[in-house]
Amino acid sequence: MDRIRIRGGRPLSGEIVIGGAKNAALPLMAAAMLTEDRLVLSNVPRLADIQTMTALLAQHGLAIEAVGNDGRTISLGGPIRNTEAPYDIVRKMRASFLVLGPLLARAGEARVSLPGGCGIGARPIDLHLKGLEQLGARIVLEGGYIDARVDGRLRGASIVFPFVSVGATENLLMAASLADGRTVLANAAREPEIGDLAACLVAMGARIEGIGSDKLVVDGVDALHGAEHAIIPDRIETGSYACAAAISGGSVFLRHAHQDHLGATLRTLREAGVDIQEQPDGLMVQRLNGLHGTDAMTEPYPGFPTDMQAQFMALMAVAEGASMVTETIFENRFMHVPELNRMGARINVHGASAIVRGVPGLSGAPVMATDLRASLSLILAGLAAKGETMVNRVYHLDRGYEAVEQKLAACGADIERIAG
Ligand code: UD1
């Protein structure tokens, strides 16, 4: 298993190009199953999760090909030949479950393995299933698989989510696009990745109103057609590298970063003393003075993202004063805390909150990455720490961050991947 070695203490300086958003790309790829025509997606990031989704869609029968030679544009299309999403793929990536809505809407049936839990919590899929049942699907659980069927087409319905779910909103939005009649999704998630999915569906001929709000109104159409769509920049990658610039005491230009999708993250970083300036085609991030303890609480968009919590906590570990970081989305998303503490951080967890008492410096240590965002928080800590940090189990990182070590090394970090 690969590891990443970092020798800390060098301020970053230079430019990092922000790629397309992983969490937008995955549902957009699944949306290709809603039409037999070709969907062409550009700005697709090169990530393990994208390969997993490619393998999943290919075994459903889709032809997926590279277009042009930028290595980031793909075309997807073709008939659905198999409606089963097997355990071997779904267990690797929960977002595989996003094929359920499109399969049901297009083929009238789907057999999708239950994803099971994951490192950051139990993560049930009840909202997805309940919503699809309201659209007329009959769903049974059998042998670890969700078996879903509908006679004829799905039928529009009024669905009120009891709480906000990104994945359930996406699954239902895709399914409703091909349903018979009107579907209203109330208390829908408003993440920018959902806006991106909706924009692409509209380009494919879907009729969706309320995009960007928590109430989506979808008038189902008989068929969708092909389209071309450019994926939005990754706001979590942007926030993560903004933390890297700040924790190293350097200055980095984040090319293609969008200020619009980063409201709460940028506000919180600025409050903590990070200087962020909008420039043409990106954001300039630097730490001019000291960092100070700042509280953050994760919430659905437009609140502070749970996917930024671990990285922000690494930053707060070396800020002056205390901060309280509260996690309201996932019940078990503090696994980075003991690892950060091994590097000299002073963090105590009390229920859903972590009290971080800033320390003047961290010291390098061997640490274990436990999930995608936790992995990046350990890399951040390594950039700030004195001595050598070895981050083990970096396969988590490869799921969602493209070429981390190259991007950071190009800005002067002493970081390398050790294969094995
Ligand atoms: C998506 C993101 C993930 C991010 C999360 C929250 C993708 C591929 N992944 O995950 O990076 O951390 O949003 O912003 O876009 N829940 C239920 N029942 C359900 C569905 C969800 O109880 O049927 C719970 C979850 O366990 C969690 C909360 O709702 O506590 C929010 O989860 P959700 O928004 O659905 O996250 P994902 O779509 O899985």
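Analyst: Two strands are said to pair if DSSP finds at least two bridges between them. The structure shown above is a predicted model, and the strands β4 and β5 illustrate the rule: four bridges join them.

User: In which direction do β4 and β5 run relative to each other?

Analyst: In general, strands of a sheet pair through backbone hydrogen bonds, either parallel or antiparallel. Here β4 and β5 (residues 74–77) run antiparallel.

User: How many salt bridges does the model contain?

Analyst: The general idea is that side chains of opposite charge can pair when their charged atoms come close. The count in this model comes to 24 salt bridges.

User: Are Glu-193 and Arg-235 buried or exposed?

Analyst: Both Glu-193 and Arg-235 are buried. Other pairs may be set beside this one. Arg-7 and Glu-388 form a salt bridge at 3.7 Å, N to O. Arg-7 is in strand β1 (residues 3–7) and Glu-388 in strand β23 (residues 388–392), 381 residues apart. Arg-7 counts as partly exposed because its relative accessibility is 35%, and Glu-388 is partly exposed at 36%.

User: What does the salt bridge between Asp-222 and Arg-153 tie together?

Analyst: In this pair the closest N and O atoms are 3.0 Å apart. Asp-222 lies in the loop between β13 (215–219) and β14, and Arg-153 in the loop between β9 (145–149) and β10 (158–160), so the pair ties together parts 69 residues apart in sequence. Asp-222 is exposed, with a relative accessible area of 68%, whereas Arg-153 is partly exposed at 31%.

User: Which residues are linked in a network of salt bridges?

Analyst: Asp-2, Asp-398, Glu-405 and Arg-417 are linked in this way.

User: Which residues touch the most other members of the largest nonpolar core?

Analyst: A nonpolar core is read by following contacts between buried side chains. The largest one here has 76 residues, and Val-99, Leu-173 and Leu-201 touch the most other members. Helix α1 (residues 22–31) gives the largest share of this core, seven residues. Setting aside neighbours within four places in sequence, the contacts of Val-99 include Ala-30, Met-53, Leu-57 and Val-112. There is also a second, separate core of 68 residues, with Ala-296, Leu-380, Ala-381 and Cys-411 among them.

Technical notes:
Residues are numbered from 1 along each chain as its sequence is written. This is a predicted model: local features need pLDDT of at least 70, side-chain atom pairs count only at pLDDT 80 or more; totals for chains, interfaces and linings use all residues. Side-chain values use heavy atoms; hydrogens and water are left out. Helices (H or I, at least four residues) and strands (E, at least two) are DSSP runs, numbered from the N terminus. A salt bridge is a side-chain nitrogen of Lys or Arg within 4 Å of a carboxyl oxygen of Asp or Glu. Buried means under 20% relative accessible area, exposed over 50%, partly exposed in between (1.4 Å probe, protein chains only). A nonpolar core is a set of buried Ala, Val, Leu, Ile, Met, Phe, Trp, Tyr and Cys residues joined through side-chain atoms within 4.5 Å. Contact means heavy atoms within 4.5 Å.
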